[in-house]
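Subject: Structure for you to look at

Hello,

Here is the structure I promised to hand over. Please open it first, then read the notes below with the model beside you.

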Amino acid sequence: MLEENHEIISHIKDSVLELTAHADGQPAPPRRDNGSWALPPESRPSFLAVSPQDCQFALGAKGESPDLQMLAVYSLLPFDNQDGGVWKQGFDITYEPNEWDTEPLQVFVVPHSHNDPGWIKTFDKYYYDQTQHILNSMVLKMQEDPRRRFIWSEISFFSKWWDNISAQKRAAVRRLVGNGQLEMVTGGWVMPDEANSHYFAMIDQLIEGHQWLEKNIGVTPRSGWAVDPFGYSSTMPYLLKRSNLTGMVIQRVHYAIKKHFAATQNLEFMWRQTWDPDSSTDIFCHMMPFYSYDVPHTCGPDPKICCQFDFKRLPGGRINCPWKVPPRAITEANVAERAQLLLDQYRKKSKLYRSKVLLVPLGDDFRYDKPQEWDAQFLNYQRIFDFLNAQPQLHVQAQFGTLSDYFDALYKKAGIVPGMRPPGFPVLSGDFFSYADREDHYWTGYYTSRPFYKSLDRVLEAHLRGAELLFSLALAHARRAGADSRYPLSDYSLLSSARRNLGLFQHHDAITGTAKEAVVVDYGVRLLHSLTNLKRVIINAAHYLVLGDKDTYRYDPATPFLSADDTRLNQDSLPERTVVKLDASPRFLVVFNPLEQERLSLVPLLVNSPHVRVLSEDGQPLPAQLSAHWSSATDTVPDVYQLSILARLPALGLRVLQLQKSFDGHTTLQSSVRLYLHGRDVTVRTQEAVPVQVFPAAPDDFCLESQHLRSCFSGSSGLLQSLRCAGEEREQRVSTEFFIYGTRTSKDKSGAYLFLPDGEAKPYTPKDPPIVRVTEGPLFSEVSSYYQHVQTMVRLYNVPGVEGLSLDVSCLVDIRDHVNKELAMRFSTNIESDDTFFTDLNGFQIQPRRYQQKLPLQANFYPMPTMAYIQDTQSRLTLHTAQALGVSSLGSGQLEVILDRRLMQDDNRGLGQGLKDNKRTCNRFRLLLERRSSSSGFFSKLASVLKALGFPGARTGKVTVQDGRPVSFPSLLSHLTSMHLNAEALVLPVAQQPALPALRSFASLSTTLPCDFHILNLRTLQAEDDSLPSAEAALILHRKGFDCSLEAKNLGFNCTTSQGQLALGSLFQGLELGSLQPTSLTLMYPLGTASNSTNIQLHPMEIATFRIRLG
C-alpha cells in the first residue's frame, strides 16, 4: 500500500522538504556600532530536511490492533471494589473435579527471596545481616537434593557476595546454574523502579548486571521477574525483548485490573509496544492475580489457607499467620488431607489462566536466610509433591521449578519455541500506572517523594553519559597516537563504580524516595561520590583531547589541568558554581557539549571582575552579557558577576574559549535590573558595575520579548501569564499558580508512597507578597519571584535555535516548615485538551492519558520523568522536566506538577516513617509552545493524503487512535529541547599555570548525525581485569519517533533525517571503526554476522547496540 503511494506523496513535494528559515523580520542579535560584534557565523541557512517517509511513522502504520488496550480497559472498568469473599478483591472461583482428566495440571513452585538493595536498612547492612546468609545457605541446601530450585534477581547483592566467597563455592554456584537448579532472573543490577527511572539508567543497570553474569558465571538471563515495582512501564518489556528475554512476570497492578483480567483469563498476554507495526516487540507476560507476592497470596485465592503452607511460619517461629490458623508440619498421617487442601487452591488459581501449567511463587522479602527455613519449606513441600504425584486420579504433577521451567513447560504445551506467541493468548498494549493495592490507596505520591534525589539522579546520569563518551573517545585517540600508556586507565574503575552507584539508585525504594532517612543519606553519599569522580574522568579526557600537541600530555592527579564547573559541599547541598578569577594573563575555558548535535548556547560562568572580554580560541570576540550574581532576593554577591557567553559548541565536542581582563567599556553587553519590593521593608545590596533600579511597590503587568517569544507576567505575582510565538497574532494564556494539597483527617494519610489528598488543592497563600526582580539584556532576560517557600525564575533566551524557542523555568523549593502539605505548580491555558493529556514513560516514549472522572483525584496523577503535554487542533504545550515528578491535567487546558511533599506520618506500607527530611531543591523545566501546522502546510497535505489511503491519524487534543492504538510523539524540536535541558554544557576552567600549552577545540564527529538519532551511550567494555578498559565499546543508538504536524519554520537550527540510515564507518573524526558487530541490547548475543559494511539502519523508536572497536 505504502509503496504504491510514494508517487502521490512525491507529487506534493519533492522527497526532501526544505523549510529554510531566512532571518527576515527577526530582530538581529546585538551588534556594536563599531561592528566588532559578531555572532557565531550564521552563514549556514538553518533548515529542516525531513523526508516524508520519516513522517509516516507518527501518523501510524498498518498493524493488527491489540486485543487489550489499557486506555480502553480503564474506560471500561467500573472500579467498584466489591467484596469478593476469601479473595477480597476478586470473586469466588469454582471448578469441576474432572476438568484435568484429559490434560493434567502441571504445577511449578518457584522458591524466591526478594532482596531490596536498600530500604529499611542500607545495602551493606542488609548484605551483612541477611543476604550473605541467604546465598550461603542456598549453596549448601540446593546441593542436598537435585529436585530443589531457586531464583535470584539482584546482581548488586550477588556480585558483592561473589567477591567474598571461595573458588570452591563459586564452582558450586556455576554447577547449580548449569544444571538448572538456580536461575538468574532479569539479571539487572537491581529490580528498577519503572515510574521515575530514565531509560539510559534502566538500560545501563541491565547491561551492568548482564555483563557481570556473562563474565563471572557465563549465563544469559531468559526470564524477567519484577514482583515489587509499584506499577509497570511498557518500556521494560521493550528492553527485555531487545535483550533476548522471552518471558516476564509482574505483580503490583491495580486490583481492579487484576480482577478484570482474571475474570476474562487475560492474566497472561503478549505485551506489545503501542507504536509497533508488526509484533516484533511482543514479549510473553504473566501477571500474578492476587494482592501480594508473599506466600499467603500466591498459592491460590484464600490467604488463610495459603498461609498454612508457608512453613517458615510453623508454631514457635518469629512470624505467624494473621488469619489465626498456623501451618502444620507434613507427616505420613496428615499428608493426604494437607495435599488435598493445597491442590484445591492450585486448581482454583489455575482457573484464572488459559493453560494447564501453573506458576506458584514461594517466597517473600529476605527469605531463606537460615538453613532451618530451607529445611522447613523444601522438606514439607517435597512430601506434598511426592504424595500428589503418586495419585494418578488427581491428575496433577507438582514440583519445584525455576521461572524458565514454568515458561518452558507452558511453551511446550502450546507447541511453540520460546519467544513466539502461544496460540490463543491475547495481545496487550499500554502500561500499568497508576497502581492501587486496596480501596482508593493510589501509589502516586512516590512520583515526587524526595525530589532532591530524583534531581541528583539525573545530574549523575548526565555526567555518566558524558564521561563514558569522552573517556571512550580520549582512549581511542590516545591508543591511535600510541599514548595510552600515559593515559589514566585507572579512570575506568571510577566509571565502573559510577555505573553501579547509578544502577543501585534505580532500585524501587531508592529513586522512588521510599527508603528510611538513613538509607537515603547512604544513597546520597554514593551518588555524590560518583558525581565527583565522573567530573575527574571528564576533566582527564577533556585535557587530553584539547591539547594541540598530544606529546606534551602528562597526567598528574595532584594538579588537574581543568577545574570542575561546580562543587557540592555535602550529599544534600545544592551545587556552588566555580568562580573564575581573572588577572593579567588570559584565562581559558573548555566547554563540553555532551549532545550529538551542534548547539548554539548561552554558556553561563561566574567571574570575579566586571571588566572582562571573551574571545574564541583564534582571538575573535564573542558576545557575552554581564549580570549580577544574587545570593538572595535583594543581595548581590560582592565581587562576583555572572557572564553569559553566546557560543557555538561542536556536537559531542569541546570548545576552547579565553577570557581577558579588559577595561574597555564596550567589551561586554550590560543587563539592567528592576527590583520591585512590593511594599516590603528590606535593604538592597548591589554593585555599581550592574545598575539596579529599586521600586518600593509592585509593577504593573509587564512583558519581555526575544526574537522568538513574547511572554507576559503578572505584576503582583511576578508569575507567567501568557506566551506568544514570533509571527503569531494571538497570545496563548499560560497562567502559572501555586497550590497546596493537604492530607486526610481520617486514619489513612499520605506518606512516601501514597497520595491521599483532603480534596482539591487550595491556592498557595504566602505570608508576604513576593519580591520581583526583572533582568533585561540583549542575550537573555529573566523574571525572578521570591516567595517564602518557592523562588521561581523564568528566562527567555534571545538566541536563534532550540535554546530560544522555549522558556527556561526553574523553581527553588523549600517547604521544611510545612506540615502534611504538598506544593503544586499549575499552568492554565485556553488549549481545548478536554480530558486528555500525555506523559512520557522513562524518557523513551509517550503514553496518552485520560482524566477519569470516576476515579479519585489522586488516581489521575502519573509519572513524568522528562515531559508532559496537552494539545488541541491548534497548539501543543509541553512541560519538559530535568527531574522526575508527578503530573496531571485535572481540567481542560491545565497541566500541574507536584514539586515537593512533606508528610509527618507513615502510610502503612512497611517504611515506618513519614517524609520529613526535605531539602532545598531546585526543579528545572522548559516550557515549549508549538503550533500545529496550518492547513496549507505540507504535513497537513501529507496527513490528508495518508488518511485518504487509509492511514488514520487524528490531529486534535483527543488521543490519536490508529487502529485502536493510541500513540503520540514529541516533535523534533521537542526532543531537542528535552536534550538541551537534560544534557547541559559543562564549563571547565583551565587551572592557572605559568606556561600554558596550545589548546585546540575538539569535534568528535566528522558528519552531522540525523537529528532523530540519539547516541545513548558509548560505553567502553571491561578487559579481563575488570578494573581496566578493553579495546571494545558498546555503541547504543536510539532513533526517536517524532510528530511532523507541528510548525517547523524559523527553527534556527539544522536538522535532517535519513530514513534511519547512518554511515558509522566515517562518523568519528580521526578514528577508524575497526569492527562493528550488531548485538542484543546488553551485548549478550551477536545479531547476524559482523559484516564489512559499516552502514546501519534503525527503525523509528528502535534502540540498537553495536560492539565496536575504535582506533
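**Lys312 and its surroundings**

Apart from neighbours within four places in sequence, Lys312 is in contact with Ile319, Arg367, Asp369, Glu373 and Gln377; contact means heavy atoms within 4.5 Å. This is a predicted model, in which local features need pLDDT of at least 70 and side-chain atom pairs count only at pLDDT 80 or more, while totals for chains, interfaces and linings use all residues. Residues are numbered from 1 along each chain as its sequence is written, and side-chain values use heavy atoms, with hydrogens and water left out.

Lys312 lies in the loop between α10 (303-306) and α11 (335-350). Helices (H or I, at least four residues) and strands (E, at least two) are DSSP runs, numbered from the N terminus. The side chains of Lys312 and Glu373 are joined by a polar contact of 3.2 Å. A polar contact is a pair of N or O atoms within 3.5 Å; within protein, one must be able to donate a hydrogen and the other to accept it, and residues adjacent in sequence count only if both atoms are side-chain atoms.

Lys312 counts as partly exposed because its relative accessibility is 25%. Buried means under 20% relative accessible area, exposed over 50%, and partly exposed in between (1.4 Å probe, protein chains only). The C-alpha atoms of Lys312 and Gly1111 are separated by 58 Å, and these residues are 799 apart along the chain.

**Leu1016 and the strands around it**

Leu1016 is in strand β47. With a relative accessible area of 2%, Leu1016 is buried. Not counting residues up to four places away in sequence, Leu1016 touches Tyr199, Phe200, Ile203, Arg465, Ile1036 and Ile1103.

Strand β47 (residues 1013-1022) runs antiparallel to β48, and eight bridges join them. Two strands pair if DSSP finds at least two bridges between them. A hairpin of six residues links β47 to β48. On its other pairing, β48 meets strand β53 (residues 1103-1110) in the antiparallel sense over seven bridges. What stands opposite Ile1036 in β53? Thr1105 does, and Asn1017 stands opposite Ile1036 of β48 as well. Strand β48 (residues 1029-1039) is mostly covered, with 10 of its 11 residues buried.

**A five-stranded sheet**

Elsewhere there is an open sheet of five strands in the order β16-β18-β21-β20-β23, with mixed pairing. Its edge strands, β16 (579-580) and β23 (669-670), each pair on one side only. Within the sheet, strand β20 (residues 624-630) and strand β21 (residues 636-649) run antiparallel and are joined by six bridges. Ser627 stands opposite Gln642 in β21.

**Helices**

Is helix α18 (residues 972-982) largely enclosed or largely open? 11 of its 11 residues are buried, so α18 is largely enclosed by the rest of the structure. Among these buried residues are Leu972, His975 and Asn982.

The axes of helix α4 (residues 123-142) and helix α5 (residues 155-162) come within 10 Å and cross at roughly 75°. Axes are lines fitted to C-alpha atoms, for helices over the stretch in contact, and angles run from 0 to 180 degrees between N-to-C directions. The two helices, α4 and α5, are therefore roughly perpendicular to each other (angles of 65 to 115 degrees; under 35 is roughly parallel, over 145 roughly antiparallel, the rest oblique). Residues making the contact include Phe123 and Tyr127 of α4 and Phe157 and Trp161 of α5.

Regards
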